[in-house]
Amino acid sequence: MKKVLLIGSDGMLGGELKERLNKIYDVSDTTIQTLDICDENAVMKKAEEVKPYFIINCAAFTNVDGCETNFDLANKVNGLALENIAKVANSVDATLIHISTDYVFPGDLDVQKVYTEDMSTAPVTAYGKTKLLGEQNAAKAHKYYILRTAWLYGLGGKNFVKTMLKLSEGRDEVTVVCDQHGSPTSTTTLCKIIEQIMEKEPEYGIYHSTNEGFTTWADFAEKIYEFAGKKTRVKHITSDEYKKMFPQSSDRPKNSKLSKEKLHGIGIYPEKFEDALKEYLKEELK
Ligand SMILES: NC(=O)c1ccc[n+]([C@@H]2O[C@H](COP(=O)([O-])OP(=O)(O)OC[C@H]3O[C@@H](n4cnc5c(N)ncnc54)[C@H](OP(=O)(O)O)[C@@H]3O)[C@@H](O)[C@H]2O)c1
């Protein structure tokens, strides 16, 4: 059984991945309580103890607005720590799997178009900047996969779907941004992509890893209510209108549409976002 060092196993993605991988791999997992990824010596010590075939990093500073106000810490966790993790991976001859984000792109591409893995990055948010540094550092591993995901939701964490369901309890109408485009992605789908990458071990590099299909946050909210059988209406507002309501919020990319062609090229076909949402709601609404 191959050994896996799973870092960040109590996060939304890490929690589900741990449960799934435990069935097929010999998994040693760490949380922020047991391993701070900014502690270089501790990461090396752990990897030397486990001698993993794969190191999977699900740990991150994921509060997008918080990254603007707490840049130094966010940059340490999302960016600088990856230099050491890559060094550790090389030292123990492990393959690094690192999770990144659509926010590495500027998001100003014509919304009819999609971002491919080789397109220029130019993040506009502090979160995106720190995650891009993380990518650049993760790529220093001799064997690495960087999986860029987007609009992630899962049972074990705060997310857009849960927020919409909660809001629907007290309101007839919610206000949601209608001019940001992307692919909502369930942690279950992302776990399946990770598992297939681990099984197939395709060419090293960056892979866009989201559910299939594109939507906007407002249209996604409508799908959530439709599938959950809620009568709540969705009022569509632009990002500019949202910014006036919440001036502290950081600007989000208008276009977060990630091409999945490279993933298809290695025989991985994620579910449509609508199907993944239905599966998620079955569990969430139990
Ligand atoms: N959520 C999204 O919409 C989204 C979209 C695109 C990409 N991603 C990427 O997907 C990955 C998984 O995201 P997620 O939503 O599962 O994140 P999450 O739920 O916030 O989990 C991240 C975990 O990392 C831990 N952590 C923070 N700093 C750490 C440190 N110094 N050392 C060790 N652990 C630390 C956090 O602990 P605390 O909670 O105690 O801080 C948390 O348990 C991340 O790389 C994220 O950037 C997420």
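Visitor: Which strands does helix α7 lie across?

Guide: This is a predicted model, in which local features need pLDDT of at least 70, side-chain atom pairs count only at pLDDT 80 or more, and totals for chains, interfaces and linings use all residues. Residues are numbered from 1 along each chain as its sequence is written. Helices (H or I, at least four residues) and strands (E, at least two) are DSSP runs numbered from the N terminus. Helix α7 (residues 187-200) lies across β3, β4 (95-101) and β5 (144-149), and runs at about 160 degrees to β5. Such angles run from 0 to 180 degrees between N-to-C directions, with axes fitted to C-alpha atoms, for helices over the stretch in contact. Contact requires C-beta atoms, placed from the backbone, within 7 Å.

Visitor: What is the order of the strands in the open sheet?

Guide: Two strands pair if DSSP finds at least two bridges between them. Here the order is β2-β1-β3-β4-β5-β10, six strands with parallel pairing. Because β2 (26-30) and β10 (205-208) each have a single partner strand, one side of each is left without a neighbour in the sheet.

Visitor: Is lysine 51 buried or exposed?

Guide: A residue is buried if 20 or more other C-beta atoms lie within 10 Å of its own, exposed if 12 or fewer, and partly exposed in between. Lysine 51 has 12 such atoms and is therefore exposed.

Terms used
Two residues are in contact if their C-beta atoms, placed from the backbone, lie within 7 Å.
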